[in-house]
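Here is a short tour to read alongside the sequence and the 3D view. Keep both open as you go.

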Amino acid sequence: MSTSAAPARTNVRDLAYISLMAALISVCSWIVIPLGPVPFTLQTFGVFAALGLLGGRRGTLAVLLYLLLGLVGLPVFAGFSAGAGALLGVTGGYLLGFLASSLVYWAVTDRLGTRLPIALLAMILGLAACYAFGTLWFVRVYTSGGNTATLLSTLTLCVFPFILPDLIKLGLALLVARRVGSALNLTSPVKR
């Protein structure tokens, strides 16, 4: 008799939660404060709220659904933008970095659990993955057009101004995940 867990199945309730979280991320992306090439939005809050509420697998599916909605042309990205151009442009790496964040969160919490310190660590590591992926993408796309950019100038423009606000959004997402997840009896919310 095998003691391994059965493969995770996605039911109608899961699909509803995944869709709601993709919608939340979309709404969060429409709240924009332009700060340069990378706008300040609440997407980070939406992504980490989805992960904290739904867990790694379903949260990652919500992020993937959000990206696919934008790819097919629904205006779900910052500034009501959409399409492959938004994903392949200089800031598209940060959008795709949300998927990297989700995968990191999923990997860490799948292995170590969803207790608050572990979830916090997983989100911080996920945020670092998003920054790394987005920054490398930005440099690659920006310099492919004949422009010059250094890693430090890109970090100064695209990452450093966002670290503190993103950490605050991450903390709020954890708080929401604990409160709302408990109220809804979700199986994967962040635990104490």
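Helix 2 is mostly covered in this predicted model: 22 of its 29 residues are buried. Helix 2 runs through residues 43-71, and a straight helix of 29 residues would span 42 Å at 1.5 Å a residue. The end C-alpha atoms of helix 2, however, are only 16 Å apart. Where does helix 2 bend? Look at Gly55, where the helix bends by about 135°. Beyond the end of helix 2 comes Gly73, and the phi of this glycine is positive, near 115°.

The next stop is the nonpolar core. The largest nonpolar core has 46 residues. Those that touch the most other members are Phe48, Leu54, Tyr66, Leu67, Phe77, Leu95 and Tyr105. Two or more residues each come from helix 1 (12-30), helix 2, helix 3 (84-88), helix 4, helix 5 and helix 7. Which element gives the largest share of this core? That is helix 2, with 12 residues. As general background, nonpolar side chains tend to be buried together in soluble globular proteins.

Now for some open space. The second largest pocket has a volume of about 320 Å³. Its lining is made up of 21 residues, and Val38, Pro39, Gln43, Tyr94 and Phe98 lie nearest the centre of the pocket. At least two lining residues are supplied by each of helix 2, helix 4 (92-112), helix 5 (116-144) and helix 7 (163-183). By type, the lining of this pocket divides into 14 nonpolar, 5 polar and 2 charged residues.

The loop between helix 2 and helix 3 holds Phe80. Is Phe80 buried or exposed? Phe80 counts as exposed because its relative accessibility is 52%, and the cut-off for exposed is over 50%. The backbone of Phe80 is also worth a look: its phi is near 60°, a positive value in a residue other than glycine. For context, most residues other than glycine have a negative phi.

Tyr17 belongs to helix 1, and Thr143 is placed in helix 5. Helix 7 contains Val176 and also Val180. Tyr17 counts as buried because its relative accessibility is 16%, and buried means under 20%. Thr143, at 29% relative accessibility, is partly exposed. Val176 is likewise partly exposed, with a relative accessible area of 29%, and Val180 is partly exposed at 33%.

| Pair | Apart in sequence | C-alpha distance |
|---|---|---|
| Thr143 and Val90 | 53 residues | 9.6 Å |
| Val176 and Val190 | 14 residues | 9.5 Å |
| Val180 and Phe98 | 82 residues | 22 Å |
| Tyr17 and Leu87 | 70 residues | 24 Å |

Methods:
Residues are numbered from 1 along each chain as its sequence is written. This is a predicted model: local features need pLDDT of at least 70, side-chain atom pairs count only at pLDDT 80 or more; totals for chains, interfaces and linings use all residues. Side-chain values use heavy atoms; hydrogens and water are left out. Helices (H or I, at least four residues) and strands (E, at least two) are DSSP runs, numbered from the N terminus. The expected span of a helix is 1.5 Å times one less than its number of residues. The bend at a residue is the angle between axes fitted to the seven residues ending there and the seven starting there. Buried means under 20% relative accessible area, exposed over 50%, partly exposed in between (1.4 Å probe, protein chains only). On a 1 Å grid over the protein atoms alone, a cavity is a set of points where a 1.4 Å probe fits but cannot get out, and a pocket is an open set with protein on both sides within 12 Å along at least five of seven lines; lining residues have an atom within 4 Å of a point. Grid points are joined across faces, edges and corners, and a volume is the space filled by probe spheres set on the points. Ala, Val, Leu, Ile, Met, Phe, Trp, Tyr, Cys and Pro count as nonpolar, Asp, Glu, Lys and Arg as charged, and the others, Gly among them, as polar. A nonpolar core is a set of buried Ala, Val, Leu, Ile, Met, Phe, Trp, Tyr and Cys residues joined through side-chain atoms within 4.5 Å.
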